[in-house]
Amino acid sequence: MKNWNFVFAGFGGQGILFTGKVVAYTGLVDNREVSWLPSYGPEMRGGTANCSVCLSDTPIGSPLVLQPDAIVVMNKPSYDKFIGTVQPGGVAVIDSSLVEDRTDRQDITAVYTPATKLAQENGIPKLANLIMLGGLLKATGFTSMESVTAAVEKCVPPSKPELVALNMKAIALGESYVE
């Protein structure tokens, strides 16, 4: 399997760290080396939040991701900060509901998904992050849907089992949106 270095970024409260955690758990399910490094401002909800996730078949030397293979950005400040860091040939999944900019980079694949709008229209307003995850999965094929399902089941608190189906609905929505 290909080694993947991801950056997930947006506002605190958008589920950025949860999304990264789900991706990290897919690595555990797939029996890979994993690192998950969260970073957030002191404000948390409403402040900026991002996390780096590395999935590898060999030991990971550093959890810092300075040139990601793929990014998921859910706000304009994150877009501005990370769009230039994506490796040539990489992927940028951008919430076009919240980021109006379009990259002029020809050396990456930009996937514009109106995740926040789709989440509201489908009655799952707090799950735009997982719509973005579905877009990332479709655009990169970094793992299988079976591994994502197992990771979601692991990351959703046992006290809220009904959220597993809603999370999977959001991921499927994002996956189906991307061509």
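Colleague: Why is Phe8 called buried?

Modeller: Phe8 has a relative accessible area of 1%. Buried means under 20% relative accessible area, exposed over 50% and partly exposed in between, with a 1.4 Å probe and protein chains only. Phe8 is therefore buried. Phe6 also has a relative accessible area of 1%, so Phe6 is buried. This is a predicted model, in which local features need pLDDT of at least 70 and side-chain atom pairs count only at pLDDT 80 or more, while totals for chains, interfaces and linings use all residues. Residues are numbered from 1 along each chain as its sequence is written, and side-chain values use heavy atoms, with hydrogens and water left out.

Colleague: What makes Asp80 partly exposed?

Modeller: The relative accessible area of Asp80 is 45%, so Asp80 counts as partly exposed. Asp80 belongs to helix α2 (residues 76-82); helices (H or I, at least four residues) and strands (E, at least two) are DSSP runs numbered from the N terminus. Its C-alpha atom is separated by 9.7 Å from that of Val99, 19 residues apart along the chain.

Colleague: How many aromatic pairs are there, and why is the pair of Trp4 and Phe6 called stacked?

Modeller: Rings of Phe, Tyr and Trp (its six-membered ring) pair if their centres lie within 6.5 Å; planes under 30 degrees apart count as stacked, over 60 as edge-to-face and the rest as tilted. The count by this rule is three aromatic pairs. Trp4 and Phe6 have ring centres 5.6 Å apart and planes at 5°, so this pair is stacked. Both residues are buried. Phe6 and Phe8 form a tilted pair, at 5.8 Å centre to centre and 40° between the planes. Ring pairs link Trp4, Phe6, Phe8 and Phe142 into a cluster.

Colleague: What puts the charged end of Lys2 over the ring of Trp4?

Modeller: The rule asks for NZ of Lys or CZ of Arg within 6 Å of the ring centre and within 35 degrees of the ring normal. The charged end of Lys2 sits over the Trp4 ring at 4.6 Å from its centre. Arg102 lies over the face of Tyr112, 4.1 Å from the ring centre.

Colleague: How do you know which strands pair with β3?

Modeller: Two strands pair if DSSP finds at least two bridges between them. Strand β1 (residues 4-11) pairs with β3 in the antiparallel sense over eight bridges, with Val7 opposite Ser52. Strand β2 (residues 33-40) is also antiparallel to β3 and is joined to it by eight bridges; there Pro38 stands opposite Cys51. Strand β3 (residues 48-56) has eight of its nine residues buried.

Colleague: Why is helix α4 described as largely enclosed?

Modeller: Eleven of its 13 residues are buried, so α4 is largely enclosed by the rest of the structure. Among them are Leu130, Ile131, Met132 and Leu133. Helix α4 (residues 128-140) reaches 18 Å from its first C-alpha to its last, close to the 18 Å expected; the expected span is 1.5 Å times one less than the number of residues. Gly141 follows α4 and has a positive phi, near 65°.
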